[in-house]
Amino acid sequence: VTLLTQISAQIEALSNGTTVRPASTGNFKPPQGAMLTNIFWFASLYIALVVALAATLMQQWTRRYLHAARLHGRPRRRGPVHALLSRGVERYHIELAIDVIVALLHISVFLFLAGLFEFVHAINSDITRYVIIPCLAVGACIYLILSLLPVLDPTSPYDTPFTPIMRIFVGIARMIYCTAVLCGALLWHYVQWSLLSSHGGM
């Protein structure tokens, strides 16, 4: 709006044969919401580009591995080749690298959604309250359920890159619960024993 006002004033001054000094912008500071939006979106873009490059390289390595594993010949010749390739896959943790790529892709999506939330919130808080927040809440619940299902039911085929973290948190929660139950039971027995001892002494 300020820029359009300045342009309109300059056009009007030119038509009158006068000049207008441009307004000073030395004290201009971008809004905090705009800075956060740019941070989230640039981080999301950077991670997405890294994931795209890593996925391309992984595809190239996998194609080379499959080409080497499909060598024709006698089993006596193919066996050592397969053993050598399998040893290299295990040594350099290819499965872990694939999991990291998928996790980075998910983080990129989360950062983009965070930037979208901040961008829409700066424009209209009602849209954020009645549209963006419910959509994000539903998506977060579905993602959380998919992450927890393999922990609660080992036969579940669904999982996410954060399922191992959920296993750690669930294991810690179970340990805390069992410790609390054990301490409560010991405290209860101690109180009962103290009451019986006091009555026996009387």
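Here are a few friendly questions and answers about this predicted model.

Reader: What percentage of the residues in the protein is buried?

Author: A residue counts as buried when its relative accessible area is under 20%. The protein has 202 residues, and the buried share of them is 12%.

Reader: Is T160 buried or exposed?

Author: T160 lies in the loop between α5 (125-152) and α6 (163-201). Leaving aside residues up to four places away in sequence, T160 touches Y143, L146 and S147. Its relative accessibility is 8%, and the cut-off for burial is under 20%, so T160 is buried.

Reader: Which helix gives the largest share of the nonpolar patch?

Author: Good one to look for in the structure! The patch covers about 970 Å², and its members include Y46, V50, L96, F110 and L136. Both α2 (32-69) and α4 (94-123) supply at least two of its residues. With 9 residues, the largest share comes from α4.

Reader: And L136, how does its accessibility class come out: buried, partly exposed or exposed?

Author: L136 sits in helix α5 and is a member of the nonpolar patch. Buried means under 20% and exposed means over 50%, with partly exposed in between. The relative accessible area of L136 is 30%, so the class is partly exposed.

Reader: What share of the accessible surface belongs to carbon and sulfur atoms?

Author: The accessible surface of the protein comes to about 16400 Å². Of that surface, the share belonging to carbon and sulfur atoms is 70%.

Key: Residues are numbered from 1 along each chain as its sequence is written. This is a predicted model: local features need pLDDT of at least 70, side-chain atom pairs count only at pLDDT 80 or more; totals for chains, interfaces and linings use all residues. Side-chain values use heavy atoms; hydrogens and water are left out. Buried means under 20% relative accessible area, exposed over 50%, partly exposed in between (1.4 Å probe, protein chains only). Accessible areas come from the Shrake-Rupley method with a 1.4 Å probe; for residues, only the protein chains shown count as cover. Helices (H or I, at least four residues) and strands (E, at least two) are DSSP runs, numbered from the N terminus. Contact means heavy atoms within 4.5 Å. Patches are made of residues with over 30% relative accessible area and no salt bridge: like charges are joined within 9 Å, nonpolar side chains (Val, Leu, Ile, Met, Phe, Trp, Tyr) within 5 Å. A salt bridge is a side-chain nitrogen of Lys or Arg within 4 Å of a carboxyl oxygen of Asp or Glu.
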